[in-house]
Amino acid sequence: MSGANQLSKALTNLDQFRVVSRDLTRGTLTGGAFTAVAYALLVLLLIAELGAFMRTTYQTNIVMDQNQESLMQINFDILMYDLPCKYLKLGVWDKFGEERINSSDTFHYIPVDHTGTSRGMAYTKEEISVLEQVDAQHDVTEEEKKELDSDWSSTSDHFRHQDFKQAVTFHDFTIVNFFAEWCVHCRKFSVTWNEAAGKLNEQMKFSNADGQETTVKFLKMNCVDFGQTCQEVGIAAFPTVRLYKRDGSFEAFKGKRSVENLISFLTSTIRNSHLIVAHHHSMFSEGCQVQGTLRVPRVPGHFHLQAEAFGDFNVNPALTNVSHRINHLSFGERDAKKFAERQKIPQEMLAHITPLDGKTFSVERFHEAPQHYLKVVSTHVQGKDTVFYQMTHTDRVRRLRRETMTGAPQARFTYDFSPMSVVVKAKNKRWYEFLTSLFAILGGTYTIVELCSGAVDTVHTAVKDAIGKAN
């Protein structure tokens with residue numbers, strides 16, 4: 001019993017937190033208010049600190065990629081809206097241009113109805129001609145437009161004058177004066193022609209058979225300097241005046257050469273002309289969903305989808321539509337995203353594993369194709385063996401150049417592998433860090449509130465004493 005008393009006495013002497021008798025202290029209204037504030041702050045700070053302790057944060061480091069695998073797996077599921085499976089070809093190429101695969105053994109081709117209700121139809125020759133001309137209008141530059149609108153008066157001017165057909169089909173209607181410099185009648189007619197051109201050239205409105213308003217472009221063709229072209233279009237006498245339509249057909253002017261007769265000819269001819277109206281539409285009654293996996297060398301390359309002949313049937317590959325929807329596209333293991341989700345990888349990283357899923361890429365005109373550019377970066381969680389791949393994506397619609405328009409548009413996916421790798425490290429707050437922060441919060445809050453309460457009480461007492469002395 002004496003030993004217990006001695007221990008109790010020793011601990012009492014050791015006490016560094018001596019308590020002042022309650023009889024020597026007093027409560028104040030200010031102190032009570034600050035105590036309530038202190039309790040509220042403590043609860044809020046405790047909740048915040050506990051949330052920080054329970055939450056996992058991630059730290060990323062960039063290191064050289066140590067992956068030694070020679071092949072990379074590409075998982076894809078792509079729906080081609082207007083290209084039947086029997087005409088669909090999938091090709092894979094690496095940076096060195098060597099084709100790695102040319103078979104469909106590892107893929108699944110699923111015929112699908114690309115619209116659900118309507119069926120596709122083939123383009124007529126007239127539709128193709130009109131749509132080609134409309135598309136060409138959108139592709140010309142300002143310099144090319146000046147070239148097409150210029151008179152073919154001389155081979156020594158600064159225009160090239162290489163494509164007469166394109167020049168006379170660039171507008172809805174183009175009237176051409178074929179002349180020869182040595183021709184007396186041509187020289188006489190030139191005065192009338194210049195007067196008519198000044199009044200009518202892309203100014204006066206004419207109505208066609210469909211009630212649509214249009215204008216006429218005036219051009220001159222010097223059959224001395226451009227004799228070969230005049231022979232090719234069958235010019236046998238001078239002057240010859242023809243009104244060309246956008247589809248390349250023409251009506252010859254055979255009346256008396258006056259401004260009034262030219263106006264009458266243009267009015268009557270255009271009034272009886274129907275412009276062919278064409279729209280881009282689906283050619284086939286079905287599309288194709290192709291899905292599977294590719295194993296490609298870990299070097300830059302691409303895979304593409306395009307049309308090819310099938311059996312005894314062929315298609316015009318240049319007019320095929322390679323609009324598509326990407327249901328799934330990823331690199332590495334197909335279920336790598338699920339693994340990353342189980343590791344609670346940040347959402348901004350998860351979004352880059354399959355950034356194209358569910359997206360549609362469409363084209364509106366012939367000779368166009370959506371093309372994709374992918375930069376692939378390997379990513380792994382520290383302490384785990386599974387690797388997943390993030391990718392960045394950019395795309396554009398490629399327009400085939402006029403001299404290469406015989407080629408087939410390709411839905412192309414170009415990829416490149418980064419030499420760097422992202423290492424993700426999970427970071428949690430240690431228990432002793434949590435306790436240290438907790439004690440700091442408790443002590444700091446108590447100290448600050450005590451100082452504020454004491455300061456307010458001192459000011460209050462000083463004010464009361466000053467008022468008492470004044471009275």
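Predicted model: local features only at pLDDT ≥ 70, side-chain atom pairs only at ≥ 80, totals over all residues.
## A buried aspartate and its partner

Asp65 has a relative accessible area of 18%, and because buried means under 20%, this residue counts as buried. The side chain of Asp65 meets that of Arg298 in a salt bridge, with an N to O distance of 3.2 Å. Arg298 belongs to the loop between strand 12 and strand 13, whereas Asp65 belongs to the loop between strand 1 (57–64) and strand 2, so the pair ties together parts that are 233 residues apart in sequence.

## Other salt bridges

The structure holds five salt bridges. One of them is formed by Asp172 and Arg246, whose closest N and O atoms are 2.8 Å apart. This pair links distant parts of the chain, 74 residues apart: Asp172 is in the loop between helix 5 (164–168) and strand 6 (173–179), and Arg246 is in the loop between strand 10 (240–245) and strand 11 (250–253). Asp172 is partly exposed, at 24% relative accessible area, while Arg246, at 11% relative accessibility, counts as buried.

Lys217 and Glu202 form another salt bridge, their closest N and O atoms being 3.7 Å apart. Lys217 lies in strand 9 (residues 217–222) and Glu202 in the loop between helix 6 (184–200) and strand 7 (206–207), so parts 15 residues apart in sequence are tied together. Lys217 is buried, with a relative accessible area of 8%; Glu202 is partly exposed, with 36%.

In soluble globular proteins, nonpolar side chains tend to be buried together. Here the largest nonpolar core has 34 residues, and those with the most contacts inside it are Leu294, Phe303, Leu329, Phe331 and Tyr415. Several strands each supply at least two residues of this core, including strand 3 (88–94), strand 12 (287–297), strand 14 (324–331) and strand 18 (411–427). Its largest share, five residues, comes from strand 2.

Leaving aside neighbours within four places in sequence, Phe303 is in contact with residues including Ile74, Ile78, Val92, Leu294, Leu329, Phe413 and Tyr415. Apart from this core lies another, of 18 residues, among them Leu200, Phe206, Val216 and Phe265.

## Cysteines

The count of disulfides comes to one. This bond joins Cys223 to Cys230, with an S to S distance of 2.1 Å. The torsion about the S-S bond is about -85°, so the disulfide is left-handed. Cys223 counts as buried at 10% relative accessibility, and Cys230 counts as buried at 3%.

Two further cysteines may be noted: Cys183, at 5% relative accessibility, counts as buried, and Cys186, at 6%, also counts as buried.

Notes. Residues numbered from 1 in each chain as written. Heavy atoms only, no water. Core = buried A, V, L, I, M, F, W, Y, C linked by side-chain atoms within 4.5 Å. Buried < 20%, exposed > 50% of the residue type's maximum accessible area, 1.4 Å probe, protein only. Helix = DSSP H or I, 4+ residues; strand = E, 2+ residues; numbered from the N terminus. Contact = heavy atoms within 4.5 Å. Disulfide = S-S within 2.5 Å. Salt bridge = Lys/Arg side-chain N within 4 Å of Asp/Glu carboxyl O.
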